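Hello,

Here is the structure you asked to look at. Notes on what was found follow below it.

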Amino acid sequence: MPDSQAGEELMALDNAPFHLSSVESVRQVVAGLEGSYLDPGRRLTELTPDEHLAGNARLFTAGGSLARDFWADTALGSRIQGTSTQTATPLEMVDLCSMTCNTVLGVNDPWVKLRQAAFLLSSQPHYLPARIGSDLHHRVAHRILSRLSRFGAPGGFAINLRQCNGSDAVELALHAAWLAARGAPRRRRLATFQGGYHGESVLASLVCEDDPGYGAGRALVDRVDNVVHFPSPRGGDGGHLSAEALATLDALERDGEEYFAVLIEPIQWRNSVHAVPLEFLRRLRDVCTRKSICLVFDEVQNAFGYTGTIFFAESSDVCPDIVATGKALTSGHGALAIVVARREFAETEAPFGSKTNSGDMLSFVAVDAVMDRLTGMLPEEFETLPTWLPPGLVGDLRNGLLGIAYPRVVGMLEDFLADLQRRFPSVVGPASGAGLMRGVAMLGQDGRPSGAMAGKVADICLKHGVYVRRAGHCVYIKPSLSTTEADFELARARLAATFEEVLQRVAREEAK
Ligand SMILES: Cc1ncc(COP(=O)(O)O)c(C=O)c1O
């Protein structure tokens, strides 16, 4: 099939995701590997998923590192082909949580892979320690910082590109804010919010509100006494802020000289995907400016596409002093987290600021490629694309997915949630969140939001072939930009099967 014909076919599928290896020019390379040790389709062991899983308890530490629900073989976009470990049958999973909130472009994005493949074929170093620079670092720094250029004087922000996880970025942000306050010995308090989540490292978990299951059994210290957990900011009647939220602002106004930083997520996912009222963030920004408190946005969940922009400041017009982010930066093609800070909060001290694994250059290629995908390529670079790329991908690279795909997927998600609410009013309650970060409340038998019910649904749906997570009393749905109408349709049927099973179980329990 000629390349252009293949491309047109892909366009006809409404920009359906495709594997890089299906593009004719790449297929020729893959063909040269077939049957050899380097065959991309080669199995790596002779064991079946069941045989592997039987060894779980011997091989892995208990808890997070055990594979327990699903066994993946191949994946594309929002679909993962594998085996359900509960039923031991082959299953194609629909991933509605972008593989744990990470892969904003879906799985195996062809453009990120192609850029990484091109880099691997170059003679550039694949790894660089912190003291050795490269044009890739500078290019990525310029590109990311340009997103905030309208919020300050030229050069008003600086970036740290040397973190690996979101927890690292949060810690580094707090370290920088703490350091900036060293001339003011009274500024020793940190303000955070109930229901917030900032990561699993000791410091990041210490600043979260104590919550069994998130931070129980910490190392060295159980708690610190200079973190103030204010109530989660809520709206009240008539679109105004609640009395509690106003009291928080008053307290910060009154005691502002005692705080070195305020740490807040624009959308508190763990708190049943609660979107903090914009009015609160605006007023918080004002208080922090007046009182010289460093305002830190933890954007590990929402940045890089999930709310329609790279950073939250771009859509909200509320710009923090420091942004800490990670997750979607590379869309799962490498570990990288970053901190962007106003210059007055940009200083760090050894040994902080350069994690070893952030030397992986493929992660920087990935973040550059993710920027191409989300915002569109630079016009002069776009002109030099190879002619054999499928036109659907070329169109996306010209326009950027945030302009076209984002509103389309958000629209499909809205319809999807409304349909579930209509069909299962006894289980599916109100939706929360914003953009592609949505919670949908699960209702208990008393008709009230129920965390236990959300947990049950998140467990059972895996067996039915749809992946969502529990977040408080909600099921957390965070689809990638590659999610298609067909994905939502399949997920709808599978969630319906899940709700039916949950309702039957509840009825059986009631009958006992
Ligand atoms: C809001 C928020 N902050 C920080 C983190 C920590 O990120 P990581 O797991 O990459 O350390 C997470 C992780 O889920 C998060 O959701």
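Pro351 sits in the loop that runs between E12 and H13. The model is a predicted one, and in it the peptide bond from Ala350 to Pro351 is cis, with omega near 10°.

**Ser331**

Another loop, the one between strand E11 (322–325) and strand E12 (337–342), holds Ser331. Ser331 has a relative accessibility of 1%, and because buried means under 20%, it counts as buried. A polar atom of the Ser331 side chain lies 3.0 Å from the backbone nitrogen of Leu105. Leaving aside residues up to four places away in sequence, Ser331 touches Asn102, Thr103, Val104, Leu105, Gly106 and Val370.

**H13 and H15**

Helix H13 covers residues 361–375 and helix H15 covers residues 391–399; their axes come within 5 Å and cross at roughly 90°. The two helices are therefore roughly perpendicular to each other. On the H13 side the contact is made by Asp372, Arg373 and Thr375, and on the H15 side by Leu393, Asp396, Leu397 and Asn399. By type, the residues of this contact are two nonpolar, two polar and three charged. The buried residues of H15 are Gly392, Leu393, Val394, Gly395, Asp396 and Leu397. Just after H15 comes Gly400, which takes a positive phi of about 85°.

**The ligand site**

Which residues are around the ligand? They are Asn165, Gly166, Ser167, Tyr197, His198, Gly199, Glu265, Trp269, Asp298, Val300, Gln301 and Lys327. Polar side-chain atoms to look at here:

- Ser167 has one that lies 2.5 Å from an oxygen atom of the ligand.
- Trp269 has one that lies 2.9 Å from an oxygen atom of the ligand.
- Lys327 has one that lies 3.3 Å from an oxygen atom of the ligand.

Ala88 is not a glycine, yet it has a positive phi of about 55°. Ala88 is in the loop between strand E2 (79–84) and strand E3 (90–95), and with a relative accessible area of 44% it is partly exposed.

Leu220, also a residue other than glycine, has a positive phi near 70°. Its place is in the loop between helix H9 (202–206) and strand E6 (227–230). Is Leu220 buried or exposed? Its relative accessibility is 91%, so Leu220 counts as exposed.

Regards

Methods: Residues are numbered from 1 along each chain as its sequence is written. This is a predicted model: local features need pLDDT of at least 70, side-chain atom pairs count only at pLDDT 80 or more; totals for chains, interfaces and linings use all residues. Side-chain values use heavy atoms; hydrogens and water are left out. Helices (H or I, at least four residues) and strands (E, at least two) are DSSP runs, numbered from the N terminus. Buried means under 20% relative accessible area, exposed over 50%, partly exposed in between (1.4 Å probe, protein chains only). A polar contact is a pair of N or O atoms within 3.5 Å; within protein, one must be able to donate a hydrogen and the other to accept it, and residues adjacent in sequence count only if both atoms are side-chain atoms. Contact means heavy atoms within 4.5 Å. Axes are lines fitted to C-alpha atoms, for helices over the stretch in contact, and angles run from 0 to 180 degrees between N-to-C directions. Angles under 35 degrees count as roughly parallel, over 145 as roughly antiparallel, 65 to 115 as roughly perpendicular and the rest as oblique. Ala, Val, Leu, Ile, Met, Phe, Trp, Tyr, Cys and Pro count as nonpolar, Asp, Glu, Lys and Arg as charged, and the others, Gly among them, as polar. A residue is near a molecule or strand if one of its heavy atoms lies within 4 Å of it.
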